[in-house]
Amino acid sequence: MFLKMRSFYFLLPIAIVFFTSCNEYQKVLKNEDVKAKYDLAERYYNEGDFKRANRLFEQIAPRYVGKPQGERVMFFFADSYFKTEQYYLAGYQFERFIKSYPNSEKLPEAVFLEAKSYYQLSPRYSLDQTDTDKALAKLQNYINTYPDSEFFAQANEMAQELTFKKQKKEFEIAKQFDKLGEFNFPILISSIAAFNNFVLDNPGAIYREDAFFYRLKSEMTLARNSTAFKQEERYKEALRYYEALIKSYPETKYKKEASSYYETIQKQLELPVEATSK
């Protein structure tokens, strides 16, 4: 009984503060006193109560357009969206801030947070990458514009992560063509084209060695299943892809499979082993 009473008296002040705060918030939210809303919104923002701060800033932001406090209100409004993980709205409001206050001291941070909003919206690699493209463009703009900013290293890391994500999507699409081509051989032409594009467009990609190998694999499957009229041409193309793989990656992890393909190419093209041995 005594412990229950102690708990009651301990929790009572907390409950009073909570209900007082709620009553204050509801009262200010419903009245027309813009200054009271501004003061309470800033207080909530500074205390980390971004959800209630955002609701108040939403009400007063239009009233401060063109006023001295407008810059401060608009930044806090955008940032409160970001802090509550409403990233589409955050990106939109930061974009408005950037256009409205191009000389603001907060401009570098706003440009970074706008880009980070779209970074947060970037989905897993298998989905549509529109937001990823938007985030990359905005991150690159930030990196180019503010090379000495405090957020520069973080922006670089995020841009690199999104680049890898796009490369993975591109590689997996090409790989899917290769897989489908095992049952529908003409699809292998799309597979080879996709791997060629990947190699050309992504010189530093972590999947580049894989792309070199799967391009060779697709060409070999296509050559084996081609008409006699086209086989020689396609085995010659496979030889070119084999040589490109070995030249770029002499100790490739695909050396066993690649060597097997090369032996087949030698036999099909009747290449002299001593002159072309790898």
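## Around Phe57

Phenylalanine 57 touches Ala41, Glu42, Tyr45, Val73, Phe76, Phe77 and Ser80, where touching, or contact, means heavy atoms within 4.5 Å and residues up to four places away in sequence are not counted. Apart from it lies another core, of 31 residues, with Phe171, Ala194, Phe198 and Leu222 among them.

A word on the model: it is predicted, so local features need pLDDT of at least 70 and side-chain atom pairs count only at pLDDT 80 or more, while totals for chains, interfaces and linings use all residues. Numbering runs from 1 along each chain as its sequence is written, and side-chain values use heavy atoms, with hydrogens and water left out.

## Overall fold

The protein chain comes to 13 helices and zero strands. These are DSSP runs numbered from the N terminus (helices are H or I, at least four residues; strands are E, at least two). Read along the sequence, the pattern is α-α-α-α-α-α-α-α-α-α-α-α-α.

Of the 278 residues in the protein chain, 43% are buried. Here buried means under 20% relative accessible area, exposed means over 50%, and partly exposed is in between, using a 1.4 Å probe and protein chains only. Take the contacts in the protein chain with a separation of 6 or more: residues 24 or more positions apart account for 54% of them.

## The largest core

Which residues touch the most other members of the largest nonpolar core? Those are Phe57 and Phe94, in a core of 48 residues. The elements giving two or more residues to this core are helix H1 (2–30), helix H2 (34–47), helix H3 (50–60), helix H4 (70–83), helix H5 (87–100), helix H6 (107–121), helix H7 (130–145) and helix H8 (152–181). H6 supplies the largest share, nine residues. As for the term, a nonpolar core is a set of buried Ala, Val, Leu, Ile, Met, Phe, Trp, Tyr and Cys residues joined through side-chain atoms within 4.5 Å.

## Leu188 on helix H9

Leucine 188 is found in helix H9 (residues 187–201) and is buried, with a relative accessible area of 0%. Leaving aside neighbours within four places in sequence, leucine 188 is in contact with Asp178, Gly181, Ser218, Thr221 and Leu222. Its C-alpha atom is separated by 6.4 Å from that of phenylalanine 177, eleven residues apart along the chain.

## A buried lysine

Now for a lysine without a partner. Lysine 165 is found in helix H8, and is buried yet has no salt bridge. The nearest side chain of opposite charge, glutamate 161, is 5.3 Å away; Lys and Arg count as positive and Asp and Glu as negative, while His and the chain ends are not counted. A salt bridge here is a side-chain nitrogen of Lys or Arg within 4 Å of a carboxyl oxygen of Asp or Glu.

What does lysine 165 contact, leaving aside its neighbours within four places in sequence? The list is Ser122, Pro123, Arg124, Tyr125, Gln129 and Thr132.

## Salt bridges

By that rule the count comes to 16 salt bridges. In one of these, aspartate 79 pairs with lysine 83, the closest N and O atoms being 2.6 Å apart. The two are four residues apart in helix H4, so about one helical turn separates them. Aspartate 79 is buried at 2% relative accessibility, whereas lysine 83 is partly exposed at 41%.

Lysine 166 forms a salt bridge with aspartate 133, with closest N and O atoms 2.7 Å apart. That pair links distant parts of the chain, with lysine 166 in helix H8 and aspartate 133 in helix H7, 33 residues apart. Lysine 166 is partly exposed at 30% relative accessibility, and aspartate 133 is partly exposed at 37%. Then there's a network of salt bridges linking Asp178, Glu182 and Lys217.
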